[in-house]
Every structure is written in C-alpha cells, then in structure tokens.
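Here is a short report for a reader new to this structure.

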Amino acid sequence: MVIAALDEVAYLLNLRGSDIAYNPVFYGYVVLLSPTPSMEEDGEKKKGRMTTAILYVNSAQIQGDKKLQEHLKKSGVTIRNIDMLGNDLKEFPKKRASLDPGKCSVWLQNMIRGGNENEDAKSNKTMIEHESSPVAYMKAVKNETEIKGIIEAHEQDAASLTRFLFWIEQQAKDLFANSNSDGDEKNHEEKDAKTIEDHNNEGRAAASSSNKTTVSSAAREKRIDTFDEYFLAKTVEKFRADGSSEFVGPSFATISSFKANGAIIHYKPEKETAAKVTNKGLYLLDSGGQYKCGGTTDVTRTVHLGTPTELERRCFTRVLQGHIALASVEFPEGTPGPKLDVLARHALWKDGLDYRHGTGHGVGSYLNVHEGPHGISASSRNKGIETTGLVPGMLVTNEPG
C-alpha cells in the first residue's frame with residue numbers, strides 16, 4: 001500500500017515537520033509491505049530483520065538525527081531518499097498494490113505498473129486496488145494520549161484568546177469613547193485628551209498603570225487608522241505566542257474580518273487593503289494554533305465593539321441557538337455527520353437565513369486543521385462524510401460561532 005497524504009505519513013510514523021505553512025508535516029511517502037526480507041540500504045543488508053514500511057523522504061533533513069533513525073530502524077521502517085521512489089515502485093516484486101485514488105497521483109499508479117503511462121491496467125500483472133486509506137480513519141479516532149494533548153492545547157489557546165478579547169474590548173473603549181455613527185472621533189480637542197493604554201506597533205497594550213501615557217487627539221486618530229483587520233490578525237497571533245511555550249504557530253491563515261468581509265469564506269486580510277475595525281459593526285475572528293503538547297485548535301468568535309443593531313442581535317442569537325443545538329444533541333453512535341447538520345441551521349431558517357459552507361470538520365492532533373473522513377455538512381459532494389459515522393474519540397468542529 002502506498003500512503004501519499006502528508007498528514008497520514010506524519011501520523012503513521014508519529015513524526016512532525018515544517019515543510020508546509022500552518023501544517024506540521026513534511027514531504028514524504030510511505031510504502032507499506034507484506035513482511036519480506038529487508039531491502040538493502042547504503043549497501044549494507046540488514047540480516048534477521050523484516051521491513052514493514054519504507055519511508056521516502058529528503059534524507060538530508062534527518063541525516064543528523066541518529067535518535068530518530070534508530071527509532072525508525074527498530075520499528076521496522078527503512079529510510080530511502082525520496083527521489084528513489086519512482087524506480088523502487090517499478091522494481092518491487094508485486095502482484096497486488098493498493099492506494100487511495102483521491103490521495104495518490106496518476107504518476108504513482110504509472111510507476112507501480114512499471115512506468116508505462118499508456119499500459120493497459122488489465123494487461124499488467126500488477127493489480128491496483130483503489131480503496132480508502134485506513135490511516136485516515138485511524139487518525140480521526142483519537143486515543144487517550146491524543147485527547148489529553150488536545151484538551152491541554154485548547155486550555156492554553158483559550159487563555160490566550162480570552163486575553164486578546166479583553167484587550168480588544170479595552171482598546172475599543174479607549175478609541176471609540178466619543179465616536180459618531182462612522183466610528184471616527186467626534187470633536188475631540190487636545191484639551192480633552194484622555195489617559196489610555198497605547199498599543200504598540202505589534203499590537204500589545206502598554207503594560208501597567210504606572211506607564212500610562214496622555215495621548216493627543218492626533219495620536220488617537222493614528223491609532224484608529226491602524227486598528228484594522230490585518231493588525232488584529234497579527235495581534236492575536238502574538239497573544240498566542242506570548243501565552244504558551246507550546247505554541248508553534250497558527251494552524252491556518254487567520255480570518256480577521258469586519259462587517260461584510262465576515263461573510264467571505266476563508267477571508268484573509270491583506271495589509272494594504274484591510275478594513276478598519278470600528279465600534280459600528282460585527283467583527284469575526286476565526287483563528288487557531290498548533291501546539292507541541294499535541295493539539296490543533298480552530299476557534300471562531302464574533303464580537304461587537306459598540307452597541308449592536310437589532311438585526312445584528314437577532315442574527316447573532318440565531319447562530320448561537322444553532323451552535324447550542326448541535327453542541328447539546330445526543331445521538332446514536334455511528335450517526336453520519338450530515339444527519340446532524342440541520343440542527344445548526346434550523347434556527348437560522350426560521351428567519352430565512354443560512355450559510356453556504358460546512359458546519360463542522362475533523363481536526364488533527366498537532367496535525368492538519370482540516371481532516372476527514374468525518375464531518376458535518378449539508379453538502380453531498382464529500383461522499384466520505386456521508387458514509388462515515390461519528391464515534392467516540394472523533395474531534396469535530398462546531399462552526400457556527
């Protein structure tokens with residue numbers, strides 16, 4: 001069997017890397033073999049040991065890690081350089097090979113068939129079986145150690161996010177204390193300057209009351225101009241980094257969005273075009289972190305930094321009702337996620353509202369923030385979600401937030 005999905009390679013060998021932004025994975029493939037005499041590696045035959053798996057990886061990345069190499073060796077894993085994969089697949093003595101067609105390239109299948117792209121599969125002695133990767137389901141059902149790491153990561157992440165939310169609330173009180181309907185300063189003369197905690201260029205509040213500074217109206221205006229989606233995205237990342245020594249980095253590009261931008265799926269603010277955040281609209285923050293203790297987080301919070309309108313209150317309440325309905329439901333083990341999706345939408349439907357994306361997805365254990373095969377969605381495009389029942393140990397997000 002050929003394992004090509006990077007998160008499955010990392011999970012199977014309990015390794016992590018940094019080759020892909022936001023995801024602690026590395027470029028590599030694993031070929032699982034029926035027990036056979038070990039391959040020769042570096043010209044030395046390993047007598048008396050059976051190879052159960054071959055890891056194809058950039059060997060230069062692990063060349064100096066003797067402890068890792070010894071661990072893999074004891075586990076029956078042979079290390080081969082990644083550029084050897086094609087030739088090895090052509091040369092393996094085999095009659096049957098299996099792979100997940102949704103995760104393996106056509107090139108891999110051609111190599112297994114001997115490297116002839118035009119060869120008829122029926123005329124080839126190697127039978128390729130297409131099947132879902134069993135590693136995906138194994139990875140989805142967390143064990144006790146993984147669950148412990150996930151809880152620890154979420155506790156640390158929640159503390160950092162709470163500090164950020166408190167900080168942004170205090171900033172809004174200072175910046176928009178006398179704002180008009182556009183969220184700008186209203187007739188604020190320098191003589192009315194107020195003592196506030198100034199945020200520095202990296203978004204942290206100035207420390208204690210002993211160093212509070214009197215800021216002029218012009219300085220306040222400048223702070224308001226820099227109080228935008230991009231600035232807040234960078235700020236929440238810094239809060240996470242300062243809040244935990246286990247924090248590695250964001251688990252995805254932070255969705256920091258104000259007003260209409262909050263409706264854009266996977267919106268990413270850019271420094272040059274980021275909208276200014278004021279106290280006259282909803283601010284949505286969808287963010288997460290990777291933690292070495294074994295957890296990956298994905299958290300959405302929607303706040304208003306002023307007084308919300310009646311429509312904003314109504315919409316927020318309907319989303320909250322959907323979140324609670326999904327979080328509190330009890331259902332039979334093995335129920336596919338799509339059967340639960342209506343619970344998150346029912347309250348919205350009462351007001352003629354809906355959202356055009358999934359309701360929940362699997363999350364890795366210090367791995368990819370999106371993982372399957374399970375999930376909660378009204379869409380029928382993902383057959384894996386429809387056929388995979390939810391069982392104890394699965395982690396799935398509750399997106400309405």
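Asn-14 sits in the loop between α1 (6–13) and β2 (28–37). Helices (H or I, at least four residues) and strands (E, at least two) are DSSP runs, numbered from the N terminus. The model is predicted: local features need pLDDT of at least 70, side-chain atom pairs count only at pLDDT 80 or more, and totals for chains, interfaces and linings use all residues. Residues are numbered from 1 along each chain as its sequence is written, and side-chain values use heavy atoms, with hydrogens and water left out.

**Backbone features**

Asn-14 has a phi near 55°, a positive value in a residue other than glycine. Tyr-22 also lies in the loop between α1 and β2. Its phi is positive too, at about 75°, although Tyr-22 is not a glycine.

How covered are these residues? Buried means under 20% relative accessible area, exposed means over 50%, and partly exposed lies in between (1.4 Å probe, protein chains only). Asn-14 counts as exposed because its relative accessible area is 63%. Tyr-22 is partly exposed because its relative accessibility is 35%.

Pro-373 belongs to strand β17 (residues 371–376).

**An open sheet**

Three strands form an open sheet in the order β10-β11-β14, with antiparallel pairing. Two strands pair if DSSP finds at least two bridges between them. The edge strands are β10 (255–258) and β14 (299–304), and each pairs on one side only. Neighbouring strands of this sheet are turned by 10° against each other on average, direction ignored. For such angles, axes are lines fitted to C-alpha atoms, for helices over the stretch in contact; the angles run from 0 to 180 degrees between N-to-C directions.

Four antiparallel bridges join β10 to β11 (residues 282–287). Here Phe-258 stands opposite Tyr-283 in β11. On to the other pairing. β11 and β14 are antiparallel as well, over six bridges. Leu-282 has His-304 in β14 as its bridge partner. In a regular strand the side chains alternate between the two faces of the sheet.

Contact means heavy atoms within 4.5 Å.

| α7 | 144–175 | touches β11 and β14 | about 15° with β14 |

Which residues form a nonpolar patch on the surface? Phe-316, Leu-320 and Ile-324 do, with about 260 Å² of accessible area together. Patches are made of residues with over 30% relative accessible area and no salt bridge; like charges are joined within 9 Å, and nonpolar side chains (Val, Leu, Ile, Met, Phe, Trp, Tyr) within 5 Å. A salt bridge is a side-chain nitrogen of Lys or Arg within 4 Å of a carboxyl oxygen of Asp or Glu. Accessible areas come from the Shrake-Rupley method with a 1.4 Å probe; for residues, only the protein chains shown count as cover.

Phe-316 is part of helix α10 (residues 310–328). At 37% relative accessibility, Phe-316 is partly exposed. Arg-318 also lies in α10. Is Arg-318 buried or exposed? Arg-318 is buried, because its relative accessible area is 12%. Leaving out residues up to four places away in sequence, Arg-318 touches Ala-347, Leu-348, Lys-350 and Asp-351.

**Ala-97 in β5**

Ala-97 is found in strand β5 (residues 96–99). It is buried because its relative accessibility is 11%. Again leaving out residues up to four places away in sequence, Ala-97 touches Ile-112, Thr-126, Met-127, Ile-128 and Glu-129. Ala-97 and Gln-109 are 12 residues apart in sequence and 9.4 Å apart in space, C-alpha to C-alpha.

**The whole chain**

The protein chain has 12 helices and 18 strands. Of its 401 residues, 44% are buried. Among contacts between residues at least 6 apart in sequence, 66% join residues at least 24 apart. The chain exposes about 21500 Å², and carbon and sulfur atoms supply 51% of that area.
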